[in-house]
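Please view the sequence and structure first.

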Amino acid sequence: MTVAIDRATGERRGDRAPRSGLGRRLKQGYQKHWYAYAMIAPVVIVLGVLVLYPLVYGLYLTLTDANSLNTARTIGVNHIDATYKFIGLGNYKEILFGPLAYDRFWSHFLWTAFWTAACVFLHYTIGLGLALMLNQKLRGRTFYRLLLVVPWAVPTFVTVFSWRIMLADSGVINQVLHSLHLPEPQWLEDTFWQRFAAITVNTWCGVPFMMLSLLGGLQSIDPSLYEAAEMDGASTWQRFRHVTLPGLRAVSSTVVLLGVIWTFNQFAIIFLLFGPTGAPDAQILVTWAYYLGFGQQPRDFAQSAAYGVLLLSILTVFTSFYFRWLKRNDQLAV
Amino acid sequence: MSTTTLEKTEATPPAPQPGRHTRGRGERGTLGTTLLHGGLVVASLVALAPVAWLFYLSLGPDKDAYLHPGKILDSLSFSNYSYVLQHTAFFDWFKSTMIVALGTTLVGVFVAATTGYAVSRMRFPGYRQLMWVLLLTQAFPIAVLIVPMYQIFSDLGLIDTYGALILINCTTAVPYSAWLLKGYFDTIPFEIDEAGRVDGLTPFGTFFRLILPLSRPGLAVAAFYNFITAVAEVAFATTFLLDDSKYTFAVGLQTFVSEHDAQWNYMAATAVLIAIPVSVFFYLVQKNLVTGLTAGGTKG
């Protein structure tokens, strides 16, 4: 670690030397900003090359009819040049308003919205419940905490497979249901149960993060506030409502935003739970876009990229409204 | 300000005698305690069950063992593990995973460090935009970048290379790290910077000589986080790695379960072999991770 840092220092000092002339000239008014810009330069360059350029290129692709049959490719020694052409906003028009728009986009959009809302709601309420329980004085608290974090500690791509075995037709969950004489749903075949299973698995995976974040929030609430509330004769519910919840507001606003973003973009769970080709109706927009671009033949690159752009727009709009809403609430609170 | 200190000094005396504290608020009888333990036990079992089940199945005799789990008890063995270690590409996958994850970690943290510091300490024209970009890039759906990236890397002939995967992982690792590190730098007192400046250090000097050595824990958390995320990355690795000896674990594990055949027993054994080190690693850093992830939060 030390070596690496020292090396970094050396490099920094090294490449600063030739720029010092420029630095001296700008020293008067811009000194502070100059340093700031030099410091953010690595990230700006990396993001420019790795994010901005592909993004612009992707935007261009969405305005074409590119697919795996007409893009540039190399087969053996032969190089075939790209033959796709510019079609303007045709892809967006087809996705949003075309004859198959409902089956292909809007049905997935509604399901994605429901999926995000349901998962984040379950993550938050279950996480808060567990955090409140863990925040009590209790024997074995650390032990419980360790166990409850397991779903986050084990990588998702491992646990999803475990759920897949358990939810299989004659898997352990249906065996248990059978022995209880309850109906045995086809978890991984029937659309309703596929969606149910997907939400269950994602809830299971996402609760620990919420729980730990909210537990941290709970522990940072000043105990004297509870004492004061008690003096004033507040009931348990009133203390929860007027001390705990306001105390959690900062943490909550962050984790809910992260939760929405992560759940909306959750690729691994649905992709791995149903396999690359299974469950067309339980695909959320992200996995559906992936299917269009990489799961089918011919690969429809242009439409897949257009879905990507639409997804990003949805998230951007959501995030800016969310921040506006937060800001307004804060002003009201002050 | 003076009132807060006063309140605090008043609040400290009751601390040594927690008896009053519990009686006051947690009016919890035996029933309450039982319910609390009951709830937590159930939740813990739910949290543990899928992982435990996977471990149990990995000891089973064949790929259909999951259909009659009772019989596994009669024939517990580690034969699936020896098969996976000897007859599959497990160690190739291990090597690929390590190359990709360590590469992502190093690039992510080193590129992001100065930026984290700059956005923590300095306000400059474009600050808000940069924070917005850092936040938004974390929110990028994979679908936005995967198609153009695939085209670009095909043109460059970089499909099926570790370098391509590392670069792609960096699209999320770099903004994440900058965000995490900003959160950590925010916790280091500004007085240290001021002291450095008074002693004639430039902002770079302050950062490299004072702040960086103090933020080793923060750097470590960012590194661990990048590492774990890169190990668990599914979509890009599945798309960009073609040769099965180059697969990372996230791709390799999928190969046991195809449409035609599902070798659940080997899958389970491999999954356990992956899960144990990753989760041990996770537990070591977990506490810092949560504070790191939420600290950068809404302050932007």
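## Cavities

Three cavities of 30 Å³ or more are counted. The model is predicted. The largest cavity holds about 1,200 Å³ of space. Its lining is made up of 45 residues. Closest to the centre are Trp262(A) and Gln266(A) from chain A, with Tyr176(B), Tyr225(B) and Thr229(B) from chain B.

What classes of residue line the largest cavity? The lining has 28 nonpolar residues and 16 polar ones.

Rolling a probe the size of a water molecule over the atoms shows where empty space is left.

## A nonpolar surface patch

Chain A carries a nonpolar patch on the surface. Tyr102(A), Trp106(A) and Leu110(A) form this patch. Together they have about 320 Å² of accessible area.

Trp106(A) sits in helix H4 of chain A, which covers residues 101–134. Is Trp106(A) buried or partly exposed? Its relative accessibility is 32%, so Trp106(A) counts as partly exposed. The buried class ends under 20%, and the exposed class begins over 50%.

## Ala143(B) in helix H7

Ala143(B) lies in helix H7 of chain B, residues 142–156. Its relative accessibility is 1%, so Ala143(B) counts as buried. The cut-off for buried is under 20%.

Where does Phe236(B) stand relative to Ala143(B)? Along the chain, the two are 93 residues apart.

Notes:
Residues numbered from 1 in each chain as written. Chains lettered and ligands numbered in written order. Predicted model: local features only at pLDDT ≥ 70, side-chain atom pairs only at ≥ 80, totals over all residues. Heavy atoms only, no water. Patch = residues over 30% accessible without salt bridge, like charges linked within 9 Å, V, L, I, M, F, W, Y side chains within 5 Å. Areas by Shrake-Rupley, 256 points an atom, 1.4 Å probe, with all protein chains shown as cover. Salt bridge = Lys/Arg side-chain N within 4 Å of Asp/Glu carboxyl O. Helix = DSSP H or I, 4+ residues; strand = E, 2+ residues; numbered from the N terminus. Buried < 20%, exposed > 50% of the residue type's maximum accessible area, 1.4 Å probe, protein only. 1 Å grid on protein atoms, 1.4 Å probe; cavity = no way out; pocket = protein on both sides within 12 Å on 5 of 7 lines; lining within 4 Å. Points joined across faces, edges and corners; volume = space filled by probe spheres on them. Nonpolar A, V, L, I, M, F, W, Y, C, P; charged D, E, K, R; others polar.
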